[in-house]
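Thanks for coming. Please have a look at it first.

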Amino acid sequence: MADVIVYSTTVCPYCVRAKQLLERKGVAYKEIKLSQESPEVRLELMQRTNHLTVPQIFIKDQFIVAFDQLYALER
């Protein structure tokens, strides 16, 4: 499993920014586009994290809530 997983949608500007930040830092990540997955995948993610928004980012299985938290880690 990848060390960094980004759950995203195609229309989310924060998803784009999070992926750009990771790429700029040279961090490899696996992207899971929720718009292309079954509804069960989104439901499982929501139950796991108790969040509805994207991006949802996991670093070594640690949940990073959203882009703002990822950006704060970068600083």
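How many bridges join strand β1 to strand β3, and do the two run parallel or antiparallel? Strand β1 covers residues 4–8 and strand β3 covers residues 56–59; 4 bridges join them, and they run antiparallel.

Before going on, the ground rules. This is a predicted model, in which local features need pLDDT of at least 70 and side-chain atom pairs count only at pLDDT 80 or more, while totals for chains, interfaces and linings use all residues. Residues are numbered from 1 along each chain as its sequence is written, and side-chain values use heavy atoms, with hydrogens and water left out.

Two strands pair if DSSP finds at least two bridges between them. In general, strands of a sheet pair through backbone hydrogen bonds, either parallel or antiparallel.

Now the sheet as a whole. It is open, has 4 strands in the order β2-β1-β3-β4, and its pairing is mixed. At the edges are β2 (30–33) and β4 (62–64), each of which pairs on one side only. From one strand to the next, the twist averages 20°. Axes are lines fitted to C-alpha atoms, for helices over the stretch in contact, and angles run from 0 to 180 degrees between N-to-C directions.

Across β1, β3 and β4 lies helix α2, residues 39–49, running at about 65° to β3. Thr49 is part of helix α2. Leaving aside residues up to four places away in sequence, Thr49 touches Gln56, Phe58 and Phe63, where contact means heavy atoms within 4.5 Å. Is Thr49 buried or exposed? Thr49 is buried, at 9% relative accessible area; buried means under 20%, exposed over 50%, and partly exposed in between, with a 1.4 Å probe and protein chains only.

Next, the rings. A search of the whole structure finds 2 aromatic pairs. Rings of Phe, Tyr and Trp (its six-membered ring) pair if their centres lie within 6.5 Å; planes under 30 degrees apart count as stacked, over 60 as edge-to-face, and the rest as tilted. Tyr7 and Phe58 make an edge-to-face pair, 5.9 Å centre to centre with 75° between the planes. This pair links distant parts of the chain, with Tyr7 in strand β1 and Phe58 in strand β3, 51 residues apart. Phe58 also forms a tilted pair with Phe63, at 5.2 Å and 35°. Tyr7, Phe58 and Phe63 form one aromatic cluster. Within it, Tyr7 is buried at 11%, Phe58 is buried at 4%, and Phe63 is partly exposed at 23%.

Back on strand β3, there is Ile59. Val4 stands opposite Ile59. The C-alpha atoms of Ile59 and Asp3 are 5.6 Å apart, although 56 residues separate the two along the chain.

Finally, the loops. Which peptide bond is cis? The one from Val54 to Pro55, with omega near 0°; Pro55 lies in the loop between α2 and β3. In the loop between β3 and β4 we find Lys60, which has a positive phi of about 50° although it is not a glycine. Asp61 belongs to the loop between β3 and β4, and its phi is positive at about 70°, again without being a glycine. Lys60 is exposed at 63%, and Asp61 is exposed at 54%.
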